[in-house]
Amino acid sequence: MPKIRILSQAAIALMISMEEAISLMRDAFTALSSDRVDVPVRINMPLSEHAGRALFMPAYAPDYGQIGLKVVTVHPNNPARNLPFIHGLVLVSDANTGAPLAVMDGEFITALRTGAGSGLATDLLARADACVVAVFGAGVQARTQLEAVCAVRKITDVLIFGRSIVNAKSFAQEASAQHSASISVAGNPEALLEADIICTATTSLTPVFDPRHVKPGCHINGVGSYRPDMTEIPANTVAAAKVVVDQRTACLSEAGDILVPLEAGLIDEMHIYAELGEIASGRKAGRTSKSEVTFFKSVGNAVQDLVVASHLTRVANEQQLGNEVEL
């Protein structure tokens, strides 16, 4: 009988570090921008009567000989029910036989690979002396954004911006126990002027900061908005920045942060300087001056999930981790 390995969130957390995940993202984005993977635009299915939506994200990586499928449900009302905002599962199958190899928690993988993508972008685009980071949001994604940035830059100060002061303070307290940086809740919007790096990980429909508060030389990671009607980054900031995306096709289809300034005539499609994989592979330069503002826009890509899940499947098989069950 066919067997499949089941990996829980707890098992996954012990099997991979943020540094390893960032290295895997370099492979993932390089393959994506080199057309070595097949990643259809994800299916985004509204669940209107339940105030949620379901996302289906397939990927095929010939280099790995595997197929991946992530199924994610997003329910904004869940935190009030003491349930996760996102539920997810990732399935890995053998491309040669079609046999399922492993199924694993997708919530942790989503946060990990999203943070790791921003970590790679920060490593390639932020100033080498960047040491102050501002994080918008106080959820799981915000935590991995901070972890990833701290993995690639010597961060001394962290400013947390959140709609809920209670959640922001809780995040600051938790992060202070994990990182050596000085971490505080921002007292006013102008505090953003101190930031060398900005990470936005919210579900906001409107920009979360004033473009006047972005200082020259800042790098921005925008990962929260994933629909055309969602924007975290002001359109004027996007127009003034060097824009790098995870995948052009996906961002031109889904990213409100790109589509809003595009529809307003502030930018055209050529304003997208590069995909992250083009910079990771050396085909295009990253930052070219100390004063330019760089902006990495990610809507998330299934190849990120597949590359991480493939790594976890291999490690789990080698070390006999997780639970193997017969189908």
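Glu232 is buried but forms no salt bridge, and the nearest side chain of opposite charge, that of Lys297, is 4.7 Å away. The model is predicted. The points below cover the surroundings of Glu232 and then an open sheet of 7 strands.

**Glu232 and its surroundings**

- Glu232 sits in the loop that runs between strand β11 (219-222) and helix α6 (235-240).
- A polar atom of the Glu232 side chain lies 2.9 Å from the backbone nitrogen of Gly224.
- Apart from neighbours within four places in sequence, Glu232 is in contact with several residues, including Thr200, Ala201, Thr202, Thr206, Pro207, Val208 and Phe209.
- Gly222, Val223, Gly224, Ser225 and Asp257 are also among the contacts of Glu232.

**The open sheet**

- The 7 strands of the open sheet follow the order β2-β3-β4-β5-β6-β1-β15, and their pairing is mixed.
- Strands β2 (43-47) and β15 (323-326) are the edge strands, each pairing on one side only.
- From one strand to the next, the twist averages 20°.

- Strand β1 (residues 3-7) pairs with strand β6 (residues 100-105) in the parallel sense, over 3 bridges.
- Leu7 stands opposite Met104, which is in β6.
- Helix α10 (residues 302-319) packs on the sheet and touches β1, β3 (52-61), β4 (66-74), β5 (86-94) and β6.
- The direction of α10 makes about 70° with that of β3.

Notes:
Residues are numbered from 1 along each chain as its sequence is written. This is a predicted model: local features need pLDDT of at least 70, side-chain atom pairs count only at pLDDT 80 or more; totals for chains, interfaces and linings use all residues. Side-chain values use heavy atoms; hydrogens and water are left out. Helices (H or I, at least four residues) and strands (E, at least two) are DSSP runs, numbered from the N terminus. Buried means under 20% relative accessible area, exposed over 50%, partly exposed in between (1.4 Å probe, protein chains only). Lys and Arg count as positive and Asp and Glu as negative; His and the chain ends are not counted. A salt bridge is a side-chain nitrogen of Lys or Arg within 4 Å of a carboxyl oxygen of Asp or Glu. A polar contact is a pair of N or O atoms within 3.5 Å; within protein, one must be able to donate a hydrogen and the other to accept it, and residues adjacent in sequence count only if both atoms are side-chain atoms. Contact means heavy atoms within 4.5 Å. Two strands pair if DSSP finds at least two bridges between them. Axes are lines fitted to C-alpha atoms, for helices over the stretch in contact, and angles run from 0 to 180 degrees between N-to-C directions.
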